[in-house]
Amino acid sequence: MTAQPEIAVGTPQSRVDGRLKVTGRALYAADHPVDGVVYAAVVDSSVGRGRITDVDTSAALAQPGVLTVISHRNAPRLPYVDNPGSNNPPGTRLRVFQDDRVLFFGQPVAVAVATTLEAAQHAARLVEVSYAAEQPITDVTSAPANPPTTYARGDAETALGNAEVRLEMTYRPARNHHNPMEPHATIAQWDGGNLTVWDKTQWVVGGTQTELAAVFGIPQQSVRVISPFVGGAFGNGLRTWPHTTIAALAARETGRPVKLVLSRRQLYFGTGFRPAYDYRVRLASDRRGRLSAMSHDIRAETSSYEAFFEAVMAPGQMLYSMPNVRQAYSTVPLDVNTPIWMRGPGFATAAFVIESAMDELANELRIDPIELRLRNEPGEDPSSGLPFSTRRLRECYSVGAREFGWSRRNPRPGSTRDGDWLIGTGMAAAVYDTGGFPAQAHVRLHADGTALVQSATSDMGPGTYTSMPQIAADALGLTMRTVTFRLGDSIMPPTGPHGGSTTMASVGTAIQDGCDKVRRQAITLAVDDPRSPLHGVDPDDVIVRKGRMHVKNDPTRGETYQQLLTRNQRPHLEVIGTYAGAVHDRFSMFAYGAVFAEVAVDSRLGLVRVRRMLGVYDAGRIVNPKLADSQAIGGMVGGIGAALLEHTVTDPRDGRIVNANLADYLVPVNADIKDLRAIYLNGNDPEANPIGVKGLGEIVLVGIAPAIANAVFHATGRRIRDFPITADALL
Ligand code: MOS
């Protein structure tokens, strides 16, 4: 067990739920024991677009154990009330089994429900669906786009026309899927008009609870969502997907609790993905590398029924100082399911492009890539004119260059060899928005001196169960092991989505607020109590350490919470702590980083190996350096995947995803991962939020892929602008 320091924040605590997870006792969505549960298996469309002409369920229904097969032929009409507070993008969400339209390959068209999983899966295969198929459109580069969202400052076209140096490139980042270990799953149970779901979700209240209430047209309080553990999500739990509705619908139709687990294959079209982009960028600079303009023409795939947007425009507006910026961001509706945020959403895609383009400019001008960035480093946010709450990107570059050994680099591409391998180094900047959503937390200090803190947030892996008690312990003056934190139940106080690197800022601040208030309640009770050794002391002179209140300058004068509450016959003190959300109108608030990569490229086979990576992060206060390292290494692994391996491939003939499995959708494995290291600038950003954090989970993926691409260029002299960079592209 890790030592229990007096101050927990900033110490490398192990996960308090680690033992539960490695012994299999942590219950994920499909693991919850529910009496009388039956099983659902979804039938997916085998055409990419068209109409259902017939659904023959006779063979399926004839099987033993099969309770029902539901399709648009027999499904009740569901209210599908609008839910503007959710993460549903603009458009009309997919309405399961409400009509005969097929909008994408793999769309759920029926569900079989049976008393065993095997019977449900067998029955689903026996459902005969006939279609009038149409030709789907799936190519983001060639399909017609929606009208763009635009941004302009200055006059980019004129600046480009007058520039000493002008570059124009098109980059094409591929579609990526999240591929979490835990598949999406729901168990749904009705009790009269009340629905309980055990669900995999990153947004218990505002997501799953409000969405199910809206879909079924019932009050929000009639839906209870339970989600204590999430086995990885990366953004894919930020919406409520059709299978959750299907489980609830099947439970209502059969009168039984229903368990529905998507297969690994179904995750590729039953939930979202990082959209493919076609991204043209133009740069204008002088010969010394001072940028005068950038122009961004951005095309991103979305579905035919919803327009999914993400923050892909922000980095181009604020990462570098220049007077002229022009952006046009168009979604391209295709016959695919709707995309969703995926780790570092928008920013990671923009960084692919901008940080590759900056490397191309550095090479063109024969300027060191770090020096080029320093020459364009803004003093204030160029998009808003606001001061930065903190921006220590220069320090990230200098610490990173020193620790990585950047100065040893021969700048000439293709200049370094190790046998058959060409060796290259590259770097990129990273940036991600610092935000915070309104949040509440219930804090209860018990008479036995322990505390229970509860908030309806999630923990998809960053370690929420561990980091929140660190905040609470310090604010209450307790050791971590006397604080228990519970999450993941809609009966707990609400929070915003567990995403966007906001959970520590939001939930952590609400917890700190609640714990501060409870600590002050206890101190007030003591100083007002004639039987307390603290009677009559100024409350501001009382501090709490390891559960004992004492006079700041006289540790002998005091008593424990336990003594105070027991003597006063108070079973507990409690309060709801709150956070109102981030305020963005006084400061420009972002986390920053500098990423360095060394690659080896086999000169005859085109294979790329990442030999080492270093990320240096300006991410505000680091609550738990051990968990931070887990985040940073995970982000780098994800970035290596995006740079070199990950690519969801669609067959243009029928819209089928041809690699919807973990054998053909390539992700890095241990053999691909060598020396990964992260450094955090010792920081605190009190303008960003009361606990001074800037968010870490997303930025650690941003900048990884372009640093690798830039290293591949340095190794080979070959610039690959389609991601992932594959061996065939390098040959
Ligand atoms: Mo993150 S993409 O908001 O889970």
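**Strands, sheets and helix contacts**

Analyst: Strand E3 (residues 66-71) and E5 run antiparallel and are joined by five bridges. This is a predicted model.

User: Which residue of E5 is the bridge partner of Val69?
Analyst: Ala112 is the partner of Val69 in E5.

User: How does strand E1 pair with E5?
Analyst: Strand E1 (residues 38-44) pairs with E5 in the antiparallel sense, over six bridges. Val42 stands opposite Val111 of E5.

User: Is E5 mostly covered or mostly open?
Analyst: Mostly covered. Strand E5 spans residues 108-114, and seven of its seven residues are buried.

User: OK, new topic. What is the strand order in the open sheet of six strands?
Analyst: The order is E7-E15-E14-E13-E8-E28. The pairing is mixed.

User: Which strands stand at the edges there?
Analyst: Strand E7 (149-153) and strand E28 (722-723). Each has a single partner strand, so one side of each has no neighbour in the sheet.

User: And how many bridges join E8 to E13?
Analyst: Seven. Strand E8 covers residues 165-173, strand E13 covers residues 277-285, and the two run antiparallel. Tyr171 has Tyr279 of E13 as its bridge partner.

User: What about the open sheet of four strands? What's its order?
Analyst: That one reads E20-E19-E18-E24, again with mixed pairing. Its edge strands are strand E20 (483-487) and strand E24 (572-579), each pairing on one side only. From one strand to the next, the twist averages 15 degrees.

User: How do E18 and E24 run?
Analyst: Antiparallel. Eight bridges join strand E18 (residues 439-446) to E24.

User: Which strands does helix H12 touch?
Analyst: Helix H12 (residues 464-476) packs on this sheet and touches E18, strand E19 (451-455) and E20. Its direction makes about 135 degrees with that of E20.

User: And helix H13? Which strands does that one touch?
Analyst: Helix H13 (residues 503-527) also packs on the sheet, touching E18, E19, E20 and E24. Its direction makes about 145 degrees with that of E24.

User: Let's do helix against helix. At what angle do H5 and H6 pack?
Analyst: At about 55 degrees, with their axes 11 Å apart. Helix H5 is residues 204-216 and helix H6 is residues 242-254. That angle makes H5 oblique to H6.

User: Is the crossing left-handed or right-handed?
Analyst: H5 passes H6 in a right-handed crossing.

User: Which residues make the contact?
Analyst: From H5, Thr208, Leu212, Val215 and Phe216. From H6, Thr244, Thr245, Ala248, Leu249 and Arg252. By class, the contact of H5 with H6 has five nonpolar, three polar and one charged.

User: What about H15 and H16? How far apart are their axes?
Analyst: The axes of H15 and helix H16 (residues 704-716) are 7 Å apart, and the packing angle is about 55 degrees. That makes H15 oblique to H16. The crossing of H15 and H16 is right-handed.

User: Who's in the contact?
Analyst: H15 brings Gly635, Met636, Gly639, Ile640, Ala643 and Leu644. H16 brings Ile704, Ala705 and Ile708. Seven residues of this contact are nonpolar, two are polar, and none are charged.

User: Now single residues. Where is Asp651?
Analyst: Asp651 sits in the loop between helix H15 (625-644) and strand E27 (675-680).

User: Buried or exposed?
Analyst: Asp651 is buried, because its relative accessible area is 12%, and the cut-off for buried is under 20%. Leaving aside neighbours within four places in sequence, Asp651 is in contact with Arg656 and Val658.

User: Last one. Where does Val261 lie?
Analyst: In strand E12 (residues 258-261). Val261 counts as partly exposed, at 36% relative accessibility.

User: What does Val261 contact?
Analyst: Beyond its neighbours within four places in sequence, Val261 is in contact with Ala30, Pro183, His184, Ala185 and Gln266.

User: And how many Å separate the C-alpha atoms of Val261 and Arg287?
Analyst: They are separated by 58 Å, with the two residues 26 apart along the chain.

Definitions and conventions: Residues are numbered from 1 along each chain as its sequence is written. This is a predicted model: local features need pLDDT of at least 70, side-chain atom pairs count only at pLDDT 80 or more; totals for chains, interfaces and linings use all residues. Side-chain values use heavy atoms; hydrogens and water are left out. Axes are lines fitted to C-alpha atoms, for helices over the stretch in contact, and angles run from 0 to 180 degrees between N-to-C directions. Angles under 35 degrees count as roughly parallel, over 145 as roughly antiparallel, 65 to 115 as roughly perpendicular and the rest as oblique. A crossing is left-handed if the near helix is turned anticlockwise from the far one by less than a right angle, and right-handed if clockwise. Contact means heavy atoms within 4.5 Å. Ala, Val, Leu, Ile, Met, Phe, Trp, Tyr, Cys and Pro count as nonpolar, Asp, Glu, Lys and Arg as charged, and the others, Gly among them, as polar. Buried means under 20% relative accessible area, exposed over 50%, partly exposed in between (1.4 Å probe, protein chains only). Two strands pair if DSSP finds at least two bridges between them.
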